[in-house]
Amino acid sequence: MLTENIELKNLLESAVTNNTKKTYQTSYNKLMKTGEFWDTNITETDNLEIIEIVKNITENPNTRKAYIIVVIKIKRNAGKPVTELEHFIQQNKGKIMEHIQEKKLTANPLNETINSFKEYVQQLYDAGLWVPYIINYLILNYGVRNLDLDLLVVNNKNKKNIGNTLDNYLIVYKSKIVYLRRKYKTYKTYGEKINIINDKQFIDAVEKLNRNDYEPLLLTNAGTRITEDGARKTIQRMTYKKYGEGRLFKLLVDDAKYNEEKLKELSDNRGTSINEIMTS
């Protein structure tokens, strides 16, 4: 790091971890190698001009996002406006989702394994696509149905209002999330379901989702709770290869078919007998 380069120095100092520092350094170096910032540094370059520069560097939406995030950090450190850059990040999210789906659709069908599904979930997290990540994570780890994913997010300090309401919740604590379900297909038979999630990435994703207390995971464009039918369609579009929870559950079952303990776990989480799982 050049000591005289205040722009880079402040950028690296804003990074929390060493890995983040390395990521920032790499992205910054690639931006500088374009030769577009010799006369005017990144801080003083117009936001719309920077967006065009980034578009010319790469067509990969994930890589574009990495560059723009670094630019936003630099601009904020200098007290500069970043509105156009943040808008680009939002627009770019849809392209990231399409890019991930396209990569999976061109994959060799013989490699259709649970590991491919896991990789997809990790890619969603890395891309900062919090809602698709949460949906696919819960399907992958608990084999839940669409209705189970129609849920509300609430801080544990305000959970007293939950009471006995027949709904689903992600209750956020500092070091865990309680996944509480009272609204799912076989609730009358199996009753309330509770899963404790300690996965740091999942906790991070829910926190970064930045929902207000009792705000739904799935929202309409107007910011209201989505209907059950709308939730089904939305979830289908967001799932791995757009398979939907039904086909993905079969993938989970196929992976666990010789593991009695894992099958029982899937049975308990889904609220379905092992007999029915294996028959269907």
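## Exercises on a predicted model

In β4, L180 has I194 as its bridge partner. The model is predicted. Work through each exercise with the structure open.

### Exercise 1: Strand β3 and its partners

Find out how β3 pairs with β4 and with β2.

**Solution.** 
- Step 1. Locate β3 at residues 177–181.
- Step 2. Look at the β4 side. β3 and β4 pair in the antiparallel sense, over five bridges. L180 is bridged to I194 of β4. R181 has K193 of β4 as its bridge partner.
- Step 3. Turn to β2. β2 and β3 are also antiparallel, with five bridges. V172 has I177 of β3 as its bridge partner.
- Step 4. Check the link. Four residues lie between β2 and β3, and the two strands form a hairpin.

### Exercise 2: Side chains of β3

Decide which residues point each way from β3, and whether they are buried or exposed.

**Solution.** 
- Step 1. Sort the residues by direction. I177, Y179 and R181 point one way. V178 and L180 point the other way.
- Step 2. Check burial, where the cut-off is under 20% relative accessible area. All of these residues are buried.
- Step 3. Draw the conclusion. Five of the five residues of β3 are buried, so the strand is largely enclosed by the rest of the structure.

### Exercise 3: The largest pocket

Describe the largest pocket by its volume and its lining.

**Solution.** 
- Step 1. Start with the volume, about 1,100 Å³.
- Step 2. Count the lining: 28 residues. K65, I69, D126, W130 and K208 lie nearest the centre of the pocket.
- Step 3. Find the elements that give two or more residues to the lining. They are α2 (18–33), α4 (61–77), α5 (83–105), α6 (114–126) and α9 (200–209). α4 gives the most, with eight residues.
- Step 4. Sort the lining by class. Ten residues are nonpolar, ten are polar and eight are charged.

### Exercise 4: One proline

Is P132 buried or exposed, and which residues does it touch?

**Solution.** 
- Step 1. Apply the cut-off. Buried means under 20% relative accessible area. P132 has 9% relative accessibility, so it counts as buried.
- Step 2. List the contacts, leaving out residues up to four places away in sequence. P132 touches M97, L124 and M238.
- Step 3. Compare sequence and space. P132 and T239 are 107 residues apart in sequence. Their C-alpha atoms are 7.1 Å apart.

### Exercise 5: The chain as a whole

Summarise the chain: its elements, its box, its burial and its contacts.

**Solution.** 
- Step 1. Count the elements: 13 helices and five strands.
- Step 2. Box the C-alpha atoms along the principal axes. The box is roughly 70 × 50 × 35 Å.
- Step 3. Take the buried share, 46% of the 280 residues.
- Step 4. Take the contacts between residues at least 6 apart in sequence. Of these, 55% join residues at least 24 apart.

Definitions and conventions. Residues are numbered from 1 along each chain as its sequence is written. This is a predicted model: local features need pLDDT of at least 70, side-chain atom pairs count only at pLDDT 80 or more; totals for chains, interfaces and linings use all residues. Side-chain values use heavy atoms; hydrogens and water are left out. On a 1 Å grid over the protein atoms alone, a cavity is a set of points where a 1.4 Å probe fits but cannot get out, and a pocket is an open set with protein on both sides within 12 Å along at least five of seven lines; lining residues have an atom within 4 Å of a point. Grid points are joined across faces, edges and corners, and a volume is the space filled by probe spheres set on the points. Ala, Val, Leu, Ile, Met, Phe, Trp, Tyr, Cys and Pro count as nonpolar, Asp, Glu, Lys and Arg as charged, and the others, Gly among them, as polar. Buried means under 20% relative accessible area, exposed over 50%, partly exposed in between (1.4 Å probe, protein chains only). Contact means heavy atoms within 4.5 Å. Two strands pair if DSSP finds at least two bridges between them.
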